[in-house]
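Here is a short tour to read alongside the sequence and the coordinates. We will stop at salt bridges, a helix, a hairpin and a surface patch.

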Amino acid sequence: MGLQEYFAQLGRGVDLVAECSGLSVPDLEQIGASAQDAAELISLHTIYFGPTPYTGKQRSAIDAARRNGHCLSTLRLIESFTRRVKARLAAWNLRVELCATPSEQVDAVARLRLREMRVPREYCERAMLRQHPNGLATLTVTGNGLDMADAFRTIDHKRPGESFVARMLG
């Protein structure tokens with residue numbers, strides 16, 4: 001097989017993955033695939049053609065990937081993003097959207113969607129002390145912004161630890 005044929009096969013994407021039906025990793029290794037390539041193809045086959053409670057979304061993803069002509073590397077990229085989503089339904093929704101997205105925009109759309117899904121961190125008042133191996137320690141205090149700014153201004157930044165402790169004890 002020449003390079004042209006090799007790249008033509010990789011460009012088949014979902015159709016190439018579909019051909020793994022009924023095969024296992026050892027079967028693919030037997031016909032010349034590396035262990036890593038075989039495992040990846042079987043994994044993609046399980047996602048796109050295996051049993052799932054979201055068969056409608058699975059069909060939509062397959063149809064969209066075919067329509068957009070997604071190659072194997074684009075499917076890998078899509079799965080690298082959907083793996084980051086814990087909820088299965090949300091992962092399928094993201095997969096369907098990314099399969100329906102042109103290849104050159106998959107990365108940007110995925111990053112945007114993952115950012116939107118991220119739950120903003122909840123801050124609350126607290127204090128943490130972290131000891132360092134060199135004998136120093138870091139005190140982290142979260143509180144009212146104005147109070148923290150006032151406390152920060154009173155610290156001598158040439159000798160912060162000493163001035164902070166002196167202020168607290170004084």
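In this predicted model, the side chains of R95 and E79 form a salt bridge, with N and O 2.8 Å apart. The pair ties together distant parts of the chain: R95 sits in helix α7 (residues 88-99) and E79 in helix α6 (residues 72-82), 16 residues apart. With a relative accessibility of 7%, R95 counts as buried, and E79 is buried too, at 3%.

A search of the whole structure turns up nine salt bridges. Three of them are set out here:

| Salt bridge | N to O distance |
|---|---|
| R95 and E79 | 2.8 Å |
| D107 and R111 | 3.1 Å |
| E162 and R159 | 3.1 Å |

D107 and R111 lie about one helical turn from each other, because they are four residues apart in helix α8 (residues 106-117). Both are partly exposed: D107 at 30% and R111 at 42%. E162, at 54%, counts as exposed, while R159 is partly exposed at 40%. Shared partners also join E97, R113 and E116 into one salt-bridge network.

Next comes helix α4 (residues 35-49), where A38, L41, I42, L44, H45 and Y48 are buried. Viewed down the axis of α4, these buried residues fall within an arc of 160°, so they line one face of the helix.

Strands β1 (residues 126-131) and β2 (residues 137-142) pair in the antiparallel sense over six bridges, with R126 opposite T142. Five residues lie between the strands of this hairpin, and G135 takes a positive phi near 95°.

Finally, L129, L139, V141 and M148 make up a nonpolar surface patch with about 350 Å² of accessible area together. M148 belongs to helix α9 (residues 145-153) and is partly exposed, at 31% relative accessibility.

Note on methods
Residues are numbered from 1 along each chain as its sequence is written. This is a predicted model: local features need pLDDT of at least 70, side-chain atom pairs count only at pLDDT 80 or more; totals for chains, interfaces and linings use all residues. Side-chain values use heavy atoms; hydrogens and water are left out. Patches are made of residues with over 30% relative accessible area and no salt bridge: like charges are joined within 9 Å, nonpolar side chains (Val, Leu, Ile, Met, Phe, Trp, Tyr) within 5 Å. Accessible areas come from the Shrake-Rupley method with a 1.4 Å probe; for residues, only the protein chains shown count as cover. A salt bridge is a side-chain nitrogen of Lys or Arg within 4 Å of a carboxyl oxygen of Asp or Glu. Helices (H or I, at least four residues) and strands (E, at least two) are DSSP runs, numbered from the N terminus. Buried means under 20% relative accessible area, exposed over 50%, partly exposed in between (1.4 Å probe, protein chains only). Two strands pair if DSSP finds at least two bridges between them. The arc is that of the directions from the helix axis to the C-beta atoms.
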